[in-house]
Amino acid sequence: MLSCGIVGLPTVGKTTLFNLLTGARVQKSQFFSGRTDANVGIARVPDSRIDLLSRLFNPKKTTYAQMEVTDLPGLVRGSSQGQGVGNAFLDGVRQVDALVQVVRAFQNEDVLHVEESIDPVRDMETINFELLMADLDFVDKRITRIRQGKKITPEQAKELPILEKCMAHLEQEQPFSTLELTQEEQESLQNYTFLTDKPMLVVVNLDENQFAEREYPGRQALIDKAAAKGLPVVELCVQIEEEISQLDAEDRELFFEELGISEPAINRVMRVAYETLGLISFFTVGADEVRAWTIKQGANAKSAAGEIHSDLERGFIRAEVIKYADLAALGSEVKVKEAGKAGLEGKEYVVQDGDIMHIRFNV
Ligand SMILES: Nc1nc2c(ncn2[C@@H]2O[C@H](COP(=O)(O)OP(=O)(O)O)[C@@H](O)[C@H]2O)c(=O)[nH]1
Ligand SMILES: [Mg+2]
């Protein structure tokens, strides 16, 4: 399962967002806890297509796509050099596939801020800087170790100039993700994990007024700086959404309408996380189960089958494919087939978002 880690300074709303995404009830705090353990939970990826398929097939079980979410300990200025929870934080970041960075715009005098003022742009730059410093530190140590070794192996001799290229790039305050490497260079570094190589999105945590006015101090600068780094920005009112998420469906709708929230936070975060990670969903349907599966964009039918079960990949023959849109429009698989819109695809077929597949296999 893919995982995303929530990162940010203390008291910006990380745990509140974690609770919102996973339905957990972890204690929030107005103060800096200095905890080093991470909260881990599972977020269901909302998908209205699954809702409709479930109504059509009335299965015994409906399974949405899932993503693991980790609420990482708060980072502070100097974490990369061991300040605060330091290395514990960085190890947590290393382990996740994507990062959700939370920055605070909300005003609340009862909730302290480590930097003693509210400045989402500064906060974003602080976090990005710490991630970069951690990478720089790692590359620097690696170079030193190779240079100081008694004897340089052929692999190390090959690796050294590549590490130096990384170093020069990171020193320009450029994230690893924007470094251009040849296939061979990439392979040489494949055992390393760079924090600034992780896909990241930025959640700006707003208060009610800021949300209503679609404005907060530093908004344009934040949007510009994030865009320059290729980071998508999602503006949310995390606390209010967490409160609303605990209401029953009817009240929830009412509050959403009143506050002008057109798409719940979990949908927005998961949608953008999917885009950022280059993920798509395909579906399997039937009387037993309607289910969403997560694959990388560009995956072929055979490897998608392997997501369901390794036997399906090993013994793959063909995939019967119908498009979600056709099924939604025509109302049944039979009608889609009658309309000549069902396809039979081979193993190289590139699976599209929203494909409904039956895998024919033989083991
Ligand atoms: N006013 C307001 N308070 C919030 C919001 N999000 C979180 N808080 C409060 O800020 C404090 C810190 O939140 P928490 O999620 O524990 O932050 P963390 O340290 O980043 O995990 C708690 O007292 C929350 O109730 C928000 O959107 N608006
Ligand atoms: Mg917390």
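Residues are numbered from 1 along each chain as its sequence is written, while chains are lettered from A and ligands numbered from 1 in the order in which they are written. Because the model is predicted, local features need pLDDT of at least 70 and side-chain atom pairs count only at pLDDT 80 or more, whereas totals for chains, interfaces and linings use all residues; side-chain values use heavy atoms, with hydrogens and water left out.

The domain assignment, whose bounds come from an automatic or database source, divides the protein into domain 1 (3–118 + 198–276), domain 2 (133–196) and domain 3 (298–361). Between the C-alpha centres of domain 1 and domain 2 there are 32 Å, and their contact (heavy atoms within 4.5 Å) draws seven residues from domain 1 and seven residues from domain 2. About 730 Å² is buried between these two domains, with carbon and sulfur atoms giving 58% of that area; buried area here is the accessible area (1.4 Å probe) that two parts lose on being put together, summed over both. On the side of domain 1, Ser80, Arg94 and Lys198 supply 62% of the area buried against domain 2, more than any other three residues.

Tyr192 sits in the loop between α6 (183–188) and β6 (200–205), where helices (H or I, at least four residues) and strands (E, at least two) are DSSP runs numbered from the N terminus. Leaving aside residues up to four places away in sequence, Tyr192 touches Phe138, Arg142, Glu159 and Leu163. With Arg142, the side chain of Tyr192 forms a polar contact of 2.7 Å, a term for a pair of N or O atoms within 3.5 Å; within protein, one must be able to donate a hydrogen and the other to accept it, and residues adjacent in sequence count only if both atoms are side-chain atoms.

Around ligand 1 there are 18 residues, of which the closest are Thr11, Lys14, Thr15, Thr16 and Asn205; a residue is near if one of its heavy atoms lies within 4 Å. Helices α1 (14–22) and α9 (238–245) each supply at least two residues of this shell, and α1 gives the most, with three residues. Oxygen atoms of ligand 1 lie 2.7 Å from a side-chain N or O atom of Lys14, 2.9 Å from a polar side-chain atom of Gln239 and 3.1 Å from a backbone N or O atom of Val12.
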